[in-house]
Amino acid sequence: MKLCLCIYLCLMVSSTAVLAQQGKVARHDFTVVSEPGISLFVREVKSQGQKSNRPILLLHGARVPGVASFDLPVPGGSLAADLTQQGFTVYIMDVRGYGGSTRPKEMEEPAEKNPPLVRSDLALRDVDAVVEWIHKRTGAKPALFGWATGGFWAGYYASLHSDSIRAVIMLNALYGGSDKHRMLGHGTDLEDPNHPGHINPSVTPYRWNTAESLFGVWDKSIPESDKSIARDPKVAHAYEEAALSSDPASTSHQPPAFRSPNGCLEDSFYVATGRKLWDASFIRVPAMIIASERDFWSRPEDRTTLADELVHAPKVKVLVIPGATHFVHLERPERGRELLIREMIAFLNSMP
């Protein structure tokens with residue numbers, strides 16, 4: 001069944017190269033079918049003429065889709081391009097409901113009619129489809145990198161499908177190391193006030209994200225009043241533009257806004273209250289845990305517990321980036337971005 005699905009996916013891929021090249025980096029966009037009715041956007045980023053057998057798949061977080069997160073067209077805004085310069089072929093995907101991938105029909109309906117959409121079980125189906133497609137395309141198992149919710153998905157996927165990947169890297173990911181979280185846990189707007197430990201029924205299936213909402217917690221995480229000390233304004237502007245343009249309906253909303261599913265918020269609430277939705281002891285590939293010192297999403301207890309429970313990972317690396325925020329890969333090199341990339345590359349290069 002697995003082999004049949006892989007063949008089906010490969011036949012359904014649209015492999016037309018539609019993007020111009022920037023410098024020596026070539027970009028190609030594809031469509032991969034996850035399951036009937038669900039098509040996924042995937043971007044390949046690699047050096048021109050490169051025949052790499054070192055693929056890596058990047059997973060976005062809870063709100064902003066893949067390209068806006070990892071491949072902005074400005075210096076310091078493309079983690080993908082920086083990794084290609086070190087010989088990796090990089091793949092960026094959008095989980096269903098995000099960016100260029102199929103949006104569930106419920107996202108066209110009023111936001112109060114359905115439960116939160118695209119929980120982790122569905123996200124992992126999409127990740128599996130793209131991992132299989134990458135393996136077929138390159139002949140190699142990809143490494144998996146995830147940021148925030150993407151890191152949670154990456155670890156979850158690795159716990160179920162270690163045989164399909166080469167390594168897993170989780171940046172600022174929740175794991176369930178504590179039952180306290182000031183933004184997501186008990187006593188927050190995510191909790192049903194009448195049923196503690198249950199998701200609030202007021203949490204909608206999806207949400208509209210304005211440009212302003214992209215920078216609220218980011219700005220608070222940067223201690224300087226001048227945010228440009230930590231964040232290049234050109235990167236911030238490109239991030240805003242790419243996030244808004246990821247949704248064709250963004251201009252129909254005032255102010256302009258893009259949609260994202262809320263299923264990951266329900267999952268994050270449970271994890272923030274101490275529940276574990278997956279078990280790290282099932283991961284059997286090298287694992288790297290990265291946390292920003294000023295992260296507002298993951299907690300020290302998450303990385304400590306995760307590291308302790310990676311009992312069958314042949315290699316475990318834990319890195320805390322001093323002074324960095326949740327958005328470290330979009331900040332200036334000296335604010336942690338350079339260290340992040342250097343340590344990721346060293347870890348991946350240490351794999352046999």
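Ser120 lies in helix H4, which spans residues 120-138 (helices being DSSP runs of H or I of at least four residues, numbered from the N terminus). The model is a predicted one, in which local features need pLDDT of at least 70 and side-chain atom pairs count only at pLDDT 80 or more, whereas totals for chains, interfaces and linings use all residues. Residues are numbered from 1 along each chain as its sequence is written, and side-chain values use heavy atoms, with hydrogens and water left out.

With a relative accessibility of 4%, Ser120 counts as buried (under 20% relative accessible area, with a 1.4 Å probe and protein chains only). When residues up to four places away in sequence are not counted, Ser120 touches Phe152, Trp153, Tyr156 and Asp267, contact meaning heavy atoms within 4.5 Å.

The axes of H4 and helix H5 (residues 149-160) come within 10 Å and cross at roughly 70 degrees, the axes being lines fitted to C-alpha atoms over the stretch in contact, with angles running from 0 to 180 degrees between N-to-C directions. H4 is therefore roughly perpendicular to H5, a term that covers angles of 65 to 115 degrees. On the H4 side, Ser120, Ala123, Leu124, Val127, Asp128 and Val131 meet Phe152, Trp153, Tyr156, Tyr157 and Leu160 of H5. By class, this contact of H4 with H5 has nine nonpolar, one polar and one charged residues (Ala, Val, Leu, Ile, Met, Phe, Trp, Tyr, Cys and Pro count as nonpolar, Asp, Glu, Lys and Arg as charged, and the others, Gly among them, as polar).

How values were computed: Helices (H or I, at least four residues) and strands (E, at least two) are DSSP runs, numbered from the N terminus. Buried means under 20% relative accessible area, exposed over 50%, partly exposed in between (1.4 Å probe, protein chains only). Angles under 35 degrees count as roughly parallel, over 145 as roughly antiparallel, 65 to 115 as roughly perpendicular and the rest as oblique.
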